[in-house]
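Trainee: Could we take a close look at one part of this model, namely the metal site and the ligand beside it? I would like a connected account with the cut-offs stated.

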Amino acid sequence: MDSSSSSLSQQPEFDYLFKLLLIGDSGVGKSSLLLRFTADSFEDLSPTIGVDFKVKMVNIGGKKLKLAIWDTAGQERFRTLTSSYYRGAQGIVMVYDVTRRETFTNLSDIWAKEIDLYSTNQDCIKMLVGNKVDKESERAVTKKEGIEFAREYGCLFLECSAKTKVNVEQCFEELVLKILDTPSLLADASSGTKKNIFKQKQPEADGAASSCC
Amino acid sequence: MFDFCPQLERFDDFTIASSWERFISEIEAICRQWLADGPKILMQKGAESVPSFENLYMIKRELKRGKRVYSMEYHFMKSAKGKNTYWEDDTHTMQLSFGVDEFLMIAPLSASGVVLDDPESTKLLSSVAIALSNCGSNWPAFVPVHDPSRKAYIGIQNLGTVFTRRFEADRIGSQVPIRLMHLEGLHELFLSKFVLSSTDFPARVKVHFSMKLTYRTPEYDYDNETLDSEATESLVENEVVNHPKKQWDDDCPWAEWYSAEDPVKGFELTAIWGEKTFEETLEMAEVENASSFDADSWFLYPVVSQYMVDDSIGKFVGFASQLHLLVNAYESSAEAQFLEDFVADTSGQDNSKSTTTVPPPSVIDRVMKDLFKAGNSNFMESENKYSRAMRGAPADSLFGQFCLHALWFGNCNIRAIAVLWIDFVREIRWCWEESERLPRMRISSSIDLSSCLIHQKLQMLAICIERKKSLNREKSVGHKDETSNAAAANKTRKGSAGVVPKMMLLNTFQEMHAPYTQDAPLMTEDMHEERLHAAEAFGNAIGLSGQLERDILSSDMSAFKAANPDAVFEDFIRWHSPGDWVSEDNADGNSGWPPKGKLSQRMSEHGNVWRKIWNDAPPLPVSEQKSLLDPVREGEKVLHYLETLRPQQLLEQMVCTAFKSSADILNKTTYGAFKLMKTKMDQLYATMASTLKSLQGKSDISDLAGDLKRLCQVFEHIEKLLILAASIHRKLIDAPRLAQAIFADYFNYYLPKMGTTLESICYEKEFTTKQKVGMHERDAVSNLFPPPTANQSWRKVLSMGNLLNGHEPTQREIIFSVQERVSNGHYSSPTPLYADNEQIQTHRMYICGTSNDLWVALSVTSWD
Ligand SMILES: Nc1nc2c(ncn2[C@@H]2O[C@H](COP(=O)(O)OP(=O)(O)OP(=O)(O)O)[C@@H](O)[C@H]2O)c(=O)[nH]1
Ligand SMILES: [Mg+2]
């Protein structure tokens, strides 16, 4: 099924495949960010149970890239199970809600530790994202605090809004550019070197994902 | 040559005149060139460094006189020596013996030691002297005489036009006269060289004296049980002597697995008395009785075993050597699909071959008994930032111990490992069937994903065994629902863990109860991976991934319903996901009833998955629910994994665990926290982490084996150094600064060896560095010389004096000298700096000896 059908559907060539992961408290807007980035829409979704992922082909830094973006559940109850999905990620996006302070403090108390514990890529790039900047009047975390956190944990930083589209594209672009700058991450991600489930996989998912962008 | 035909030699005399003349001019030409060049240019021209001296260089030329070939060597120093520094280690014997700096040495070239007869040596020396004076050089020149074992020399030095210095040295190899064993006698010997008549003898002559004593610690007789029991007794100081074999490293962490040869064979202590002036022979006797503690300085030198620098295979037996064997086994692990194949595969092969020998069943039994003996390990896991990358099991866990035993099981070949593993798994199966707790496994509620998979599986199995045991217990007690007892008042409420403060149900004026919930199921790494792959495979098809999460959610909802029979979906959300409840109450929190608010937009969407699950969940307390983790099923899965494990997978994990555990064991050693050692240990972990990491990447097995063998090499260096550090530390426990300094000296000497290449570097250079002992450290150092027992001192005839705790020096070196005032007119031409304030050293004697070996070198300056 795989070889014949993949040639049929003209599976697009790509230089690298990157696995990106979205983490953060429940309700900060991870699923909304993913939906905005991959389908350019915004709608209310059920709280994530388990995990969800979408694939998007992009051209960044002169390279053809296939991004597999994993959206995890922020619910505390699922946390140990969510750890399954950390493995192999080249980029991890830590999302908080700028209008809910505890979602920000939980990043250092909980999520940063989870990364240390479960991420299998020592050099994986981390990115801090403050979402829902459209609700400026309700802001509870200043931009400066975000910058400080990012400096302390050595990660990239951006504020964005899944609702108004502000900075969503940039957020993924910056993360990917940084990964492209990190040779140890490219080694695993290069399409030629490693057997990868995405390469020989049924192409339906790919087709669906790329068609909706 | 003249040994055989002395006549011929005499006959040759007829032609000598001219041959000697030619010879002299040849020497002269060479010396002029060397003089003109000076040290700097000579070094550029290829003068070689004299081994083991930092400052000394030598250039060599060969000369012919008739058929005789001579070699002439000019020794010179890179930088000038200060005065009175002859006791320094960087001093050549010739320099020390004769009080010279640079010198010429001329000797016939012959393979069989140097033999010169008197006339030849005298002629040779005068030729050199003539040549040197012709070119106005002040270099002292020496010629070896007699047979080499006597180390006898004659020498001469022009000191300007007026003075000449003559040198002579000889040795008494046995039967040293008693008189010359003592300082008094030696002093008289010196005086006799310039006091002409015996009547002058008592005349007071100011003699300068300095002395260097070398002591050697007695042998450490650790395992010499019967013969030297008394000696041992004195060493272990009233400890239990009956212990038959007391090894030096008995209480070191590695001793559980092997005993290392003590790399420190002993110490040499050098005590130096700086220059003093004596006028009477009697004073010498006092010096001989003086305590070594009166010496001006002490230096300590460790006598380090040759095995430290010997890299040949099999020379060092420790973790490193066994790890090397394990890596070999890993290399051959890909040869078969199943471990059983290695065990069975003996057909046609030479069974006695060391690569296939398996220790007898009795040994296997012993190992199994040790592995599975009851009693928990204390799990002193030293968390290390690299442990994640190394992916091993803790050293004292069941699998960690298995790996360590395997290292020392026979010669750790693949077949022996296979035999051991099969028995090991059989024992584990037995524990499982009998619901026996697994030994050496700490029961925890989580699985350590940073450990190797086998260890994770065993953690899982240990938990399953516990659960299975409690299931069995419940069954035997009967189907009595304990949790419902608590809620006897309310017949319908089940499985409540207590009231949630300030939370009332929406539809009834009742307190909200938090239910007991099930633990989230435990997962080993491969289960996580499986879930990941499942998620990848199902892709975007919502509802197919995350089945486990749904089960948990459903279980929570059931439990909540059971604990709150009148609750609605909104109540559950308020408890479980408060963020999805938008409260419309007053800000003061303590609002009235009913609480006002609504579900968040996303929770209230049509087709919300949560609500669907809520609708389907039956009210059931945890005790009546199906367990999220089926211990019987999961336990069987673990055993299936262990029983069908591929050899290569086993060996990979064994390699990781064995490296990590061995390093962890060594790392527990106390070595006084020497900084250099600590850094090396950290480096070892870093190197292991980066090498072992690629083992999980499953690249080419032969590439990896190469890397692993290099890692073994690095491991061996560090293991040896660590053992050395431990040995030095415990011997000099009361002088920590000194211990650390001595270790650092050796470390720096050893460092060039530490390349990561497989070829061993042969060490020609010897370790010679001595450390100065501080005043406050002398007590600690003298403790290295325990007073000999009656038995020992009886055996040895002490005859020299200068005892240290009853030990005689192994060598005593003395320099005597006298100086004479010289009038300015007398002393006109340029001479080297032998004169000090118009004083010139007229006689100098260097004596080096023990009670049965005496070597004396004399320098006499005269004006003729
Ligand atoms: N105003 C505003 N609302 C947003 C934005 N992004 C998300 N939301 C809303 O925030 C709520 C939560 O968004 P989700 O994307 O479901 O949050 P999540 O992080 O995926 O939550 P979990 O799946 O439970 O971990 C939804 O109601 C979204 O509509 C934003 O940029 N601005
Ligand atoms: Mg979500």
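Mentor: The account below begins with the conventions and then turns to the site.

This is a predicted model, in which local features need pLDDT of at least 70, side-chain atom pairs count only at pLDDT 80 or more, and totals for chains, interfaces and linings use all residues. Residues are numbered from 1 along each chain as its sequence is written, chains are lettered from A and ligands numbered from 1 in the order in which they are written, and side-chain values use heavy atoms, with hydrogens and water left out.

The magnesium ion (ligand 2) has A:Ser31 (OG) and A:Thr48 (OG1) as its protein donors, 1.9 to 2.0 Å away; donors are N, O and S atoms within 2.8 Å of the metal (3.2 Å for Na, K and Ca), and sites may look incomplete because water is not among the atoms. A:Ser31 belongs to helix H2 (residues 30-39) of chain A and A:Thr48 to the loop between H2 and strand E2 (51-60), so the pair ties together parts that are 17 residues apart in sequence. Helices (H or I, at least four residues) and strands (E, at least two) are DSSP runs, numbered from the N terminus. A:Ser31 is buried at 17% relative accessible area, and A:Thr48 is buried at 15%; buried means under 20%, exposed over 50%, and partly exposed in between (1.4 Å probe, protein chains only).
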